[in-house]
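Hi,

Here is the structure I promised to pass on. Have a look at it first, and my notes on helix packing and charged pairs follow below.

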Amino acid sequence: PIGFLLGETILMLKADAPAPPSEDPSPRVTLEVDDARAVEKELRQRKVVISDDTDWYGVSYIGSFLDSEGNKLWFCSYA
């Protein structure tokens with residue numbers, strides 16, 4: 001796959017997403033981390049707003065938080 005290197009982060013654009021493009025796009029940024037549950041704990045300690053508690057979704061833990069401008073960012077880790 002082709003991606004863009006941003007510092008130590010690789011941004012990959014997926015052409016084969018499970019949902020087709022729509023007239024009302026819903027962009028989503030998901031950060032892969034080593035341990036989503038530990039990331040949520042650290043974010044809470046730093047008083048970051050957790051918008052979706054980390055939960056198990058079949059193959060990974062997924063949660064989300066709000067950045068300083070109110071944008072929702074997701075994070076996940078594989079088991």
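Which residue forms a salt bridge with aspartate 53? It's arginine 44, with the closest N and O atoms 2.5 Å apart. Bear in mind that this is a predicted model. Arginine 44 is partly exposed, at 41% relative accessibility. The pair also belongs to a network of salt bridges that links Glu40, Arg44 and Asp53.

The total comes to 4 salt bridges. One of them joins aspartate 52 and lysine 72, at 2.8 Å from N to O. Aspartate 52 sits in strand E4 and lysine 72 in strand E6, so this pair ties together parts that are 20 residues apart in sequence. Both ends are partly exposed: aspartate 52 has 25% relative accessibility, and lysine 72 has 39%. Another salt bridge brings the side chains of arginine 46 and glutamate 42 together at 2.6 Å, N to O. Here arginine 46 counts as exposed at 60%, whereas glutamate 42 is partly exposed at 35%.

Now to helix H1, which covers residues 36-45. Ala36, Glu40 and Leu43 are buried there. They span an arc of only 65° around the axis, which puts them on the same side of H1. The buried residues of H1 pack against strands E4 (50-56), E5 (60-66) and E6 (72-78). On the face turned away from that buried side you'll find the exposed residues Lys41 and Gln45.

As for the helix ends, aspartate 35 caps the N-terminal one, with a side-chain oxygen 3.1 Å from the backbone nitrogen of arginine 37. After H1 comes lysine 47, which has a positive phi, near 65°.

Cheers

Methods:
Residues numbered from 1 in each chain as written. Predicted model: local features only at pLDDT ≥ 70, side-chain atom pairs only at ≥ 80, totals over all residues. Heavy atoms only, no water. Buried < 20%, exposed > 50% of the residue type's maximum accessible area, 1.4 Å probe, protein only. Helix = DSSP H or I, 4+ residues; strand = E, 2+ residues; numbered from the N terminus. Arc of directions from axis to C-beta. Contact = heavy atoms within 4.5 Å. Polar contact = N/O pair within 3.5 Å; in protein donor to acceptor, adjacent residues only side chain to side chain.
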